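Have the sequence and the 3D view side by side.

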Amino acid sequence: MKQAPISSDAIIRCDSVSKTYIMGEQKVHALRDVSVAFAAGEMTAIMGPSGSGKSTLMNLIGALDVPTSGDLYIQGRNLAKLDVDELADLRNETIGFVFQQFNLLGRATALTNVKLPLRYSRKLDEDIDARAVECLQLVGLGDRMGHRPMQLSGGQQQRVAIARALAGRPSIILADEPTGALDTQTSGEIMDLLVNLGQQGITVILVTHEAEVAAYAQRQIHFRDGVIEREIRTEP
Amino acid sequence: MKFGVAISSALEALIANPLRSFLTMLGIMIGVASVMAMMAISEGAARQVDEQISALGASNLTLRPGASRRGGRSSGANSAPPFTDKTVQALRQEPYITAVSARNNGGVTVISGNDNWSTQLFGTNTDYFVTQAWKLTSGEFFSERNLSQGAAVAVIGATIADTLFDGTNPLGQNIRANNVPLRIIGVLEKKGQSGFGGDRDDVVIVPITTARNRILGAHRTTPKHVNSIEVGVADGYDMADAQTRLENRLREIRKIKPTGTDNFRVFNVADFVRARSSTQATMGLLLAFTAAVSLIVGGVGVMNIMLVSVTERTKEIGLRMAIGARKSDILGQFLAEAIALCFIGGLIGSGLGVGAAELAARMGGFPVSISPFIAATALSASVLIGLFFGYFPARRAANLNPIEALRYE
């Protein structure tokens, strides 16, 4: 078996991960033998045309899907060894998701939305309300806590979503096209927020096809046809 | 599963869609209301029967002389030799018998002042008040001394007291029964209708000796005759068992050969009432079943809406899974939603059911009995309906693939 390069501070490690979907008669190789590691506190942009495998990798890292072959390690734990409840708990405690369409509960206030992951937490060692308020203040929405998503702008909704992702004190933030539904100026604000999280030691991985957005990251990984095409590191 | 999240998420979802929630509950409400009303009505009927039975004496056996046979010919009911005071004395010795009452009865005309009234006169012994569980509103029962002396005293029923004395105190007054003067020493408490429709309070009770010697007359061959005997069976004895022992003892007393047929009958009056009312109970049960069917139809409605709701909220389910909800959390949330729908519907339905039962009691004159047991049954039935019909949609939600659910539009 091929040994992937082991970096000691890697919080996420993929060892020759492949993912194959069966669509009717056809086999679609979404990821082919990908080995990659992400260091703690690093901000990475994953780029590539649609169908290149970038979203598949995000789903695997987010413990929402399992690879066809290969192993994934998050904080040293092999995801293949975890059962569905342990995977759910991992998503709850270690990972924060940010989506292109925000995915907020429309009938709930900003505060309730941010509280949602905390309510599923099995750790419960702090005051849920206080933590949710703290997160909303962190993203600059301390005065919008009682608003419903309908009453907020797109940028504000994405901030609520980021606050929700932060609520459980995750080590990893997975952002799938976080600025895809926003205008340029708002995109910049959201990206500043994500960069700030990276500076606080949170590992941020974002999927994007916009070069300006990717430019915020220290590292860019380009995918094509299920393999890593090239990798660029920019010094901040 | 985390109960707090399950319940609060469920309630949030129900409040978010109030009209739909209400319409879904409506089926359960109607179901629970009709189950409650039907149960209340059949319970009421059953209780009425129980009251009739206990009024008759649930642990009493009635004895009548049967037909006498000569050769192959039967001479008709009550033609066999009658019971006597001796039969009563002999039965008193039996360990399984607590009381032996004797009764001779006949129709009499009772006169008080200018009023007269046709009624039943019972000549009895003192045990009669025990086996029939009579209570007094005033005065006293006649005594053993009255009985042995054949005293001209009477205890009258509430109907007689009302008809002949209309408000004035009958105690100490005299009435004449078939022209025999009797002093009233007691007035009985009202018992109401018998299980067979007669007025049990339209009665004059005198010592059996008085009845035989002066009012109703004696039997042509047997001076100390007793028309019918009623025995109270002691607590802890099986009624059927006691009846068999009593029959065997009577065959000895009446000297019937082992091959001979009984010339007496022993029967349990409560059994007649039970048999007569069993059709009524069956009817009530049938109605309750019909009502239960409507509850199940309501449950199907809940399942339908829950399936719609799961489909509508697929994306929400995907999100909840992504942020760390376990399968059991999702299952619990949707199950709680179905149960909450049914429970709240059940609560409102119980209220409506009580109202409907009250209405049936007022308008239709049904005997109605609403017990906490009925309400608890109806409520737990609605919760079970929610659990049963909510499980399938909830399981469907819990088994969604998180990625597909998140992508669902």
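Two strands pair if DSSP finds at least two bridges between them. Strands (E, at least two residues) and helices (H or I, at least four) are DSSP runs, numbered from the N terminus. This is a predicted model: local features need pLDDT of at least 70, side-chain atom pairs count only at pLDDT 80 or more, and totals for chains, interfaces and linings use all residues. Residues are numbered from 1 along each chain as its sequence is written, while chains are lettered from A and ligands numbered from 1 in the order in which they are written.

Start in chain B. Strand S5 (residues 97–112) and strand S6 (residues 115–124) of chain B run antiparallel, joined by 10 bridges. Val108(B) has Thr119(B) of S6(B) opposite it. The hairpin of S5(B) and S6(B) has 2 residues between the strands. There, Gly113(B) takes a positive phi near 60°. S6(B) also pairs with strand S11 (residues 203–207) of chain B, this time in the parallel sense, over 5 bridges. In that pairing, Leu121(B) faces Val204(B) of S11(B). Strands of a sheet can pair in either sense, through backbone hydrogen bonds.

Now look at a sheet in chain A. Its 4 strands form an open sheet in the order S2-S1-S4-S5, with antiparallel pairing. Which strands stand at the edges? They are strand S2 (26–39) and strand S5 (77–78) of chain A; each has a single partner strand, so one side of each is left without a neighbour in the sheet. Strand S4 (residues 69–74) of chain A pairs with S5(A) over 2 bridges, in the antiparallel sense. Ile74(A) has Arg77(A) in S5(A) as its bridge partner.

Next, find helix H5 (residues 154–167) of chain A. H5(A) has 14 residues and reaches 20 Å from its first C-alpha to its last. That is close to the 20 Å expected at 1.5 Å a residue, where the expected span is 1.5 Å times one less than the number of residues. Is H5(A) largely enclosed or left open? 11 of its 14 residues are buried, so H5(A) is largely enclosed by the rest of the structure. A residue is buried if 20 or more other C-beta atoms, placed from the backbone, lie within 10 Å of its own; it is exposed if 12 or fewer do, and partly exposed in between. The buried residues of H5(A) include Val160(A), Ile162(A) and Leu166(A). Among the elements that cover them are strand S6 (95–98), helix H4 (128–138) and helix H6 (184–199) of chain A. Just after H5(A), Arg169(A) takes a positive phi of about 50°.

Two of those covering elements deserve a stop. Ile95(A) sits in strand S6 of chain A. Ile95(A) counts as buried, because 26 C-beta neighbours lie inside 10 Å. Leaving aside neighbours within four places in sequence, Ile95(A) is in contact with residues including Gly62(A), Leu90(A) and Ile172(A). Two residues are in contact if their C-beta atoms, placed from the backbone, lie within 7 Å. Leu194(A) belongs to helix H6 of chain A. Leu194(A) is buried too, with 23 other C-beta atoms within 10 Å.

Where do the chains meet? The contact takes 18 residues from chain A and 16 residues from chain B. On the side of chain A that touches chain B, helix H2 (84–93) and helix H3 (110–119) of chain A each supply at least two residues. H2(A) gives the most, with 6 residues. H3(A) is mostly covered, as 8 of its 10 residues are buried. The buried residues of H3(A) pack against H2, H4 and H5 of chain A, together with helix H1 (3–16) of chain B.

Finish with the core. A nonpolar core is a set of buried Ala, Val, Leu, Ile, Met, Phe, Trp, Tyr and Cys residues joined through C-beta atoms within 7 Å. The largest one has 124 residues; Ala163(A), Met36(B) and Ala338(B) touch the most other members. Apart from it lies another core of 46 residues, including Leu61(B) and Val206(B).
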